[in-house]
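What follows is a walk through one structure, from the pairing of its strands to the chain as a whole. Please keep the sequence and the view side by side while reading.

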Amino acid sequence: MGVMFIDPGRLRTELVLEAAVTAADGAGGHTESWQEVATVFAHVEPVGAASRFGAGQAHEEVTHRVTLRFRDDVASGMRFVKEGRVLAIVTVRDADETGRYLVCRVQEEGR
């Protein structure tokens, strides 16, 4: 695979990168909250949408591809937030192994 060209002018959607933080709840379990890691600019493009029926209800799934400048602190299990929309990061990969861009597959939550 050759070097991938990404127009940096397309990275204009402002997203907040968040990581989960857990704390003991005193009863043997834990509580989870989200902490802001950084604000990044990215290109967000829809990839697909699917609907399936299970457990007596419809389950909607919307996926996107998020392209951003390379950061070494982005990992699956984190999320992007944009104006109340939550995009859970499923996979992270270096687009062309040059350390310039990351491509994340994300799943939109709550839609």
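Strand β1 (residues 13-24) and strand β2 (residues 30-54) run antiparallel and are joined by 12 bridges, where strands are DSSP runs (E, at least two residues) numbered from the N terminus and two strands pair if DSSP finds at least two bridges between them. Within this pair, L15 stands opposite V40 in β2, and in the hairpin, which has 5 residues between the strands, G26 takes a positive phi near 85 degrees.

This is a predicted model, in which local features need pLDDT of at least 70 and side-chain atom pairs count only at pLDDT 80 or more, while totals for chains, interfaces and linings use all residues. Residues are numbered from 1 along each chain as its sequence is written, and side-chain values use heavy atoms, with hydrogens and water left out.

β2 also pairs with strand β3 (residues 57-69), again in the antiparallel sense and over 12 bridges. Here G54 stands opposite Q57 in β3, and A55, in a hairpin with 2 residues between the strands, takes a positive phi near 55 degrees.

Seen as a whole, the chain has 6 strands and 0 helices, a helix being a DSSP run of H or I with at least four residues. Of its 111 residues, 32% count as buried, meaning under 20% relative accessible area with a 1.4 Å probe, protein chains only. Among the contacts (heavy atoms within 4.5 Å) with a separation of 6 or more, 50% come from residues 24 or more positions apart. The C-alpha atoms fill a box of roughly 50 × 35 × 25 Å, taken along the principal axes.

How values were computed
Buried < 20%, exposed > 50% of the residue type's maximum accessible area, 1.4 Å probe, protein only.
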